[in-house]
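Here are a few notes on local geometry to go through with the model open. Have a look at the backbone first, then at the side chain in the last point.

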Amino acid sequence: MTKAKDGYLGNPNLKPVGVQQQFTPEQVTEYIKCTNDPSYFVKRYVKIVSVDKGLIPFEMYDYQEKLIKILHENRFVIGKLPRQTGKTTTVGSYLLHYVLFNQNVNVAILANKQSTAIEILSRIKMAFEYLPKWLQQGVIEWNKGSVVLENGARIIASATSSSAIRGGSYNCILLDEFAHIPTSIAEEFFTSVYPTITSGQSTKMFIISTPNGLNMFYYYWKGAINNQNGYIPFEVHWSQVPTFPGGPLRGEKWKQEMISRTSEKQFDQEMECDFLGSSNTLISSERLHTLVYSKPMLRTKDGMSIYQEPIRKNEEIAKSQDHLYFLTADVSEGQGKDFTAITVIDVTEFPYRVAAVYRNNTVSPLLFASVVKTIARKYNNAYVLIEINGIGSEVANVLHTDLEYENMVKTAMMGRKGQIITEGFGPAKKVQLGVKTSVLTKKVGCQVLKNMIEEDKLIVEDADIISEFTTFISKKQSFEAEDGHNDDLVMCLVIFAWATRQQYFKNLTDMDVRLAMYQDDIDQVEDNMLPFGYYSDGMVDIEDVEEDSKWSTNGDNWLIFDKVNIKTPWDDMKRSKR
């Protein structure tokens, strides 16, 4: 049998497997106290490394003791804490207690970076090494990213991702610096992992972070303080923390010193725990604080989020009276960097509403044309406006020429008037299948979007859009994403906002004008058809055609070609005629 003094793999500070432990009465009493009271265990037996004093007992502050008590007594906890508050050491100490005094439990430490998760585990391992041997469990595995103990307890450290702990069964998960994890990854993680946690009766999940904009951490924090998601909120203000161990609490002098070394913006985010780190956002911070996320009705794996199914008032009523949707698209290269994005807006009545969102950074531009067509068709043949500065022009051409989508919004350059939306008539060289984002169009779009959001003329419930709003800031006489962030969805809304100032859009969304235009189109088609007559292809008589057949044109003669669910053939003839 291995002797305790030999240690695990020669480390005398670690207890190997199979060592017989003889407890004294005093140790039995202590063991029971430690089992029942994690705060007692931490204060009495956990050691940490101080920058000034080296290895010292962990003398917890009041808020740290309170945090450990909350972690111990609750399954789901979310903590909003400033930097330099000892939050990592505190939570790590509790996890050490958890694996020592619970049999066969699995613990996952997940952080925004794997190096951060491994650092948390290393602190737990160091505290374990300096425990008395009679409190330790025998060590089976002692690796950089994982620890396995004799009582069956196991800890792993990894970066947060949808696949980080897939396939495993975990009793306790720590999500450290969760606000600094990209929203897309955070959503994938909760979709794949969260159900396995909530299905247990005693499983735990702790979310601890410093804020970083209005992202998923903000979503869960707001839900916790409003008693909507079952999480227990815990927060600490920087003024509750001593300037040094045993010293006075931080005050105004300390605050000014910190700001002078960094910036007021950084202090607000990292110490005041302000969710809005940027003060020069397009949308005012006051309005951003009031924007509320909603869970989509449906979220697909390819990045589609649906908040409103397409509304059709009545299949027997003319299609001009269905809800009207306007789709804008911003195209990227599809190489895992910037996102290719779509927003679908219901523009039937005020306030306008974002009905659906698509966001994907791997879809290829050529395949994206089919995505646009599918979504646009679903939303009552939505009007489609694509940003065509780069690869977007190819998407627009494929959508129009190859896929023959009809409701493409076109623009034309009109000299001093700049770029305008056009019906598509005029010299071909002046007409474009989409809009080029210029300094002027972006300036107008940004200003209009700001007014629409701040005056509640556009309802936005998507988490990604709201998150992008928080980092869409003023730069060089314009607005764009803060470094390290994206603005693809916001740019879709900027394009939409610009379009709303066009006469074409105003006519499109005016119900009376739309009905008048609809009737004029019918009359025009009927008049134009009178000289031509009809002919059959020999397979069907014109009188036998059902009303819901689709019509097409071949030169000056109208033909029937396939049957689809369309109640107004005149409308299709009008749109398909070249």
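Where is Asn-380 found? It sits in the loop between α11 (365-378) and β16 (383-386), where helices (H or I, at least four residues) and strands (E, at least two) are DSSP runs numbered from the N terminus.

Some ground rules before the points. This is a predicted model, in which local features need pLDDT of at least 70, side-chain atom pairs count only at pLDDT 80 or more, and totals for chains, interfaces and linings use all residues. Residues are numbered from 1 along each chain as its sequence is written, and side-chain values use heavy atoms, with hydrogens and water left out.

1. Asn-380 counts as buried because its relative accessibility is 18% (buried means under 20% relative accessible area, exposed over 50%, partly exposed in between; 1.4 Å probe, protein chains only).

2. Gln-84 is another non-glycine residue with positive phi, here near 60 degrees. Look for Gln-84 in the loop between β3 (76-80) and α4 (87-100).

3. Check the Phe-350 to Pro-351 peptide bond too: it is cis, with omega near -10 degrees. Pro-351 belongs to the loop joining β14 (340-346) and β15 (352-360). For background, most peptide bonds are trans, and most residues other than glycine have a negative phi.

4. Lastly, Gln-64 in helix α3 (residues 62-73). With 3% relative accessibility, Gln-64 counts as buried. Beyond its neighbours within four places in sequence, Gln-64 is in contact (heavy atoms within 4.5 Å) with Phe-58, Glu-59, Thr-85, Gly-86 and Thr-90. The Gln-64 side chain also reaches the backbone nitrogen of Tyr-61 at 2.8 Å.

Terms used
A polar contact is a pair of N or O atoms within 3.5 Å; within protein, one must be able to donate a hydrogen and the other to accept it, and residues adjacent in sequence count only if both atoms are side-chain atoms.
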